[in-house]
Amino acid sequence: MDNDLSIRDLVKRFGGFTAVDHVDFDVPKGSFFSILGPSGCGKTTILRMVAGFEEPTSGIIEIRGKNMLGVAPNQRPVNLVFQHLALFPMMNVRENIAFGLKRRKVTGAEIQTRVDRILERVGLPGFGDKKIHQLSGGQKQRVAIARCLVLEPSVLLLDEPLGALDLKLRERMKVELKKLQNQVGTTFIYITHDQSEALVMSDQVAVMNKGRFEQIGTPQELYGQPNTPFVAGFVGDNNVWPGTVNEVRDGEAVMRTQDGVVFRARSRETLAPGDRVNLFLRPEAILIDPGEAMGYNSFEVAIRAVLFDGANSRLLTVTPTDLEILVTLPQNQLFAHLEPGRTITAGWRPEAGILFRSDG
Amino acid sequence: MRAKAAFWIFLAPVLAWLLLLIVLPHIDLLVMSFRSRNPGGDPGWTLVNYQRFFIEPIYWRTFVRTAIYSTITTVITFFLAMPVAFYIAKAAAVRLRGFLLILLLLPFWVSELVRVYGWMILLRESGVVNYFLIRFGLLTQPVEMLYRDATMIMGLVYSSMLFMVVPLVSVVESLDDALIEAAYDLGAGKWTIWWRIIIPHCKPGITSGSIVVFMLSLGNYMTPNLLGGKNSLWFTEQIYNQFIASFNWNQGAAFGFLLLLLSSAIIWAGLRLSGQKLGQVAS
Amino acid sequence: MKKIVLLAALVLFCFSQAAQAETLKILTWKGYAPKELVEKFEKETKVKVEVTYSNNEEMIAKLRATRGAGFDLAQPSQDRISSVQEEFGLYQPMDFSKIESALFVASMLEAVKKNTLVKGQAYAVPFCWGTDGLIVNGEKAAGASSYNDLLSEKYKGRVSYRVKRPTLIAMGFALGYKPFDLYADPAAYQAMLDKVEKTLIAAKPMVKNYWTNGDALLESMRSGEVFVAMAWDNGGWKLHGENKAIDFVAPKEGALGWIDTFALPAKAENVAAAYKWINFMTKPENAAYFTNQEKTATASKDANAQVAADFRSNLERCFPQAAVDNIKWYPPVPAKLESMEGTVLDKIKAAQ
């Protein structure tokens, strides 16, 4: 009974289109679980099946050990925070939050105290009598979450609820959501196409593509040890450098890039000499002027532009074959002299790059 | 300055039209309603025409009857139109939507008289419906279905349907499906969703549709007269009788204004009860 | 400048059009201006005829609304002219020099003249006449021959009549009153109306419906839904032509005789054409055509010879001399009786 939600071999087809393709996962009690994927990957369909709005074509959905097959949405111990929140405009904040409690025939006095308590918890004390249209975007967000949390669901489902907010507010709400989840201890299942939301908030993230889960893991695992090129490309920024395998030894592969540079890198796949591969290399793994440090792969690139973005500043460089490579630019005076047109030497540790066989 | 002049030049025909065709005749009728019927003799001012409405029970009773039946018609029309509108706006395929609306519009391509005669042919004792009911052994004796209050209300509902469905379709269309799902998700059953979410959302459409249907029914003359038969005195018929049969235009004018005032009062009361403002409904 | 010329030309053009096409606007009853006769008249006189159908009450209302304008000729019943004329001045006096008096049944012409006299001038000439009585389905209601049969339990739900003044008058006779004699005494007339009101309300269960449209009534008789109705003789005779079981019956209290007339609205624009139409319609061959078509006798003196045999047999069958003598001809209605009657009619219709 450690998992609040267990999904086994879940399939959903719409006509000839398979939206969800044999998905399995477990969400441990009290955890923050995200499903990350591009739009149209099937993540919303999974959420709607858990909430009960769609019937699975096959497979099992269990919430706290109970099979949810045939249970109507209004009978399930889960609640959904909708993408556009779906607050009831004809009711005020209090009535919105009390809506679910009234359906459960909770007494008036009890409703009163519970609504006040949850408003306090989401940081909106005294907002009960406000109309929905009087609230700001962030406040609406919190009311929508409060409306679900007040029912104390086993699992709270969130369907990209931050999508409509502006960037600053989104950054703040990420942190608040995570804090809130920690406080209430409810299991959150959060779907998003924004990798940063998923990474910041989640205990576990499932990366989804074309109806399938590519990888489930902690944010660190996904970032550091992506299982597939899709995960490597979708989670965080990555430079992709095509090339061919020269030789394989001791779990390391030696590849020659299209520019003729030779690198050593690791791979999770079994590679053979002659295989065409892509090297995935994160910008922050590349050091500028690494010197003579032992075992570094090094190469030369020309600076095309300096992309200044505070702590997140980068160099846009190009290889001799005009392949663009992003390199993180540490904000210290050491590199103040770098400017477009100059050629620099860059280097990286072999563990930092990862090879995947390319299809082409 | 010139823009202002242009504004008035363009507005003038509209104002003239309103004045000539709507305001002036009404003023004429209003004056008439306060005069006694005696053009040759003393054309004095009097309230007698209005007093008669309240003194003579048959007049105000007819009005009350007309108002109650119009209200019933409005309510029935609403209950029939709501699922239809919901189906058209939410359930039907987009391509089907226009077709369904045209289907609703179809009866209005012929005049009201033709429609009412159509019903009479169907429902009369020697009519089509009776023929088939007897043919299939459901009846042994033909039944007169005309000249009943129920038939009359059915006729009124039939001819009002469109005017309820169209405003309802547009408000239902504007309802975010997520609201329905959210309510469902929060534990609401079907009835609660209708009652707490859909109906409150559709209020402006319901109100404007109801006002139109109520006014149309109240002001209808042909349907109550032809389908209602021997017991169905409608208030409009009474106005007609005053003008045409009794030659008492003064009385008829007074009844006309009473109809206007009382129906406005009923609508005002309805708006108050449902907590709405006319401006919201009209927009 | 160009525009003004153009406009002037347009206006002139319109006027010349109007002048060329001389029109005669007739306000009359359905069937009173048969298509064939209208075409014949248009060919003979080059006057275009526009016909508007109506009934007594609406005719008066229409003319009253325009104070006698909009039509060149109207055809109200003779009893509905003098009081309306006195009160509203809707008509203009007849110029009998323009009427070919020789075409008319002299006694009828005189009677109408007398009945439409206002301040020494006559306002109408007769066109046709007929009666109100009973139309009876002999198979279902054999022997029905009195207005009282309209109240009879025997024909429960199979009776139809109008909620109009002829019904009130007929019931007055049935109850033993002499309604026309009471015209001069409003109080006594009101007393009669009260009695009639009670009687008709009590008899409401017998009624299938109150008919408003002649064709609809005939359809109800034809289909056997209605056994006994109070209606015009011509309707009964039309049905008799289709089904011998149905016929008009002159009630023993007396059929109610009416004469429909020609009258000139006060602001008629084309009086000359109106006189032409009057004389045209009274010519024997045209009057006979009308009679054969509508089963309604006219005031044309020599039309009888050309009337079809079945119409004459209708008259002979339904109106033996005694029945003719018993016809109660409507005298002119004094002003304000209509208001009294209107209230009674409303109450009958509204009663549950």
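Contact, in these notes, means heavy atoms within 4.5 Å. With that rule I began with the chains that stay apart: no contact joins chain A and chain C, and their closest C-alpha atoms lie 45 Å apart.

**Ground rules.** I am working on a predicted model, where local features need pLDDT of at least 70, side-chain atom pairs count only at pLDDT 80 or more, and totals for chains, interfaces and linings use all residues. Residues are numbered from 1 along each chain as its sequence is written, chains are lettered from A and ligands numbered from 1 in the order in which they are written, and side-chain values use heavy atoms, with hydrogens and water left out.

**Entry 1: chains B and C.** I asked which of the two pairs of chains in contact shares the most contacts. That pair is chains B and C. I looked up who takes part and found 34 residues from chain C and 32 residues from chain B.

The size of an interface is often given as the accessible area lost when the parts come together. My version, buried area, is the accessible area (1.4 Å probe) that two parts lose on being put together, summed over both. For chain C and chain B I noted about 2,900 Å², with 48% of it on carbon and sulfur atoms. On the chain C side, C:Arg64, C:Asp346 and C:Lys349 supply 22% of the area buried against chain B, more than any other three residues.

Next I went through the charges. I call it a salt bridge when a side-chain nitrogen of Lys or Arg is within 4 Å of a carboxyl oxygen of Asp or Glu. Between chain C and chain B I have six of them. One to click on is C:Lys208 with B:Glu125, at 2.3 Å from N to O.

For polar contacts I used a pair of N or O atoms within 3.5 Å; within protein, one must be able to donate a hydrogen and the other to accept it, and residues adjacent in sequence count only if both atoms are side-chain atoms. The rule gives 16 residue pairs across this interface, both residues at pLDDT 80 or more.

Helices (H or I, at least four residues) and strands (E, at least two) are DSSP runs, numbered from the N terminus. On the side of chain C that touches chain B, the elements giving two or more residues are helix H3 (56-66), helix H4 (82-88), strand S9 (207-210), helix H9 (214-222) and helix H15 (337-350) of chain C. H15(C) gives the most, with eight residues.

**Entry 2: chains A and B.** Here I found 16 residues of chain B in contact with 22 residues of chain A. Chain B and chain A bury about 1,600 Å² between them, 68% of it on carbon and sulfur atoms. In chain B, the residues losing the most area to chain A are B:Glu181, B:Asp185 and B:Leu186, together 42% of what that side buries.

How many salt bridges does the rule find across the interface of chain B and chain A? I got one. B:Glu181 forms a salt bridge with A:Arg48, with the closest N and O atoms 2.6 Å apart. Helix H8 (177-185) and helix H9 (190-219) of chain B each supply at least two residues of the side that touches chain A, and the largest share, seven residues, comes from H8(B).

**Entry 3: sheets in chain A.** I count two strands as paired if DSSP finds at least two bridges between them. Six strands of chain A form an open, mixed sheet in the order S6-S7-S8-S3-S9-S10. Its edge strands are strand S6 (78-81) and strand S10 (212-217) of chain A. Inside, strand S3 (residues 32-36) and strand S8 (residues 187-192) of chain A run parallel over five bridges, and A:Phe32 stands opposite A:Phe188 in S8(A).

I then looked at a second open sheet in chain A, five strands in the order S15-S19-S16-S17-S18 with antiparallel pairing. Strand S15 (287-288) and strand S18 (324-328) of chain A each have a single partner strand, so one side of each is left without a neighbour in the sheet. Strand S16 (residues 297-307) and strand S19 (residues 343-348) of chain A pair over six bridges, and A:Ala302 has A:Thr343 as its bridge partner in S19(A).

**Last entry.** I opened A:Lys43 with A:Glu160, at 3.5 Å from N to O. This pair links distant parts of the chain, 117 residues apart: A:Lys43 is in helix H1 (residues 43-51) of chain A, and A:Glu160 is in the loop between S7 and H5 of chain A.
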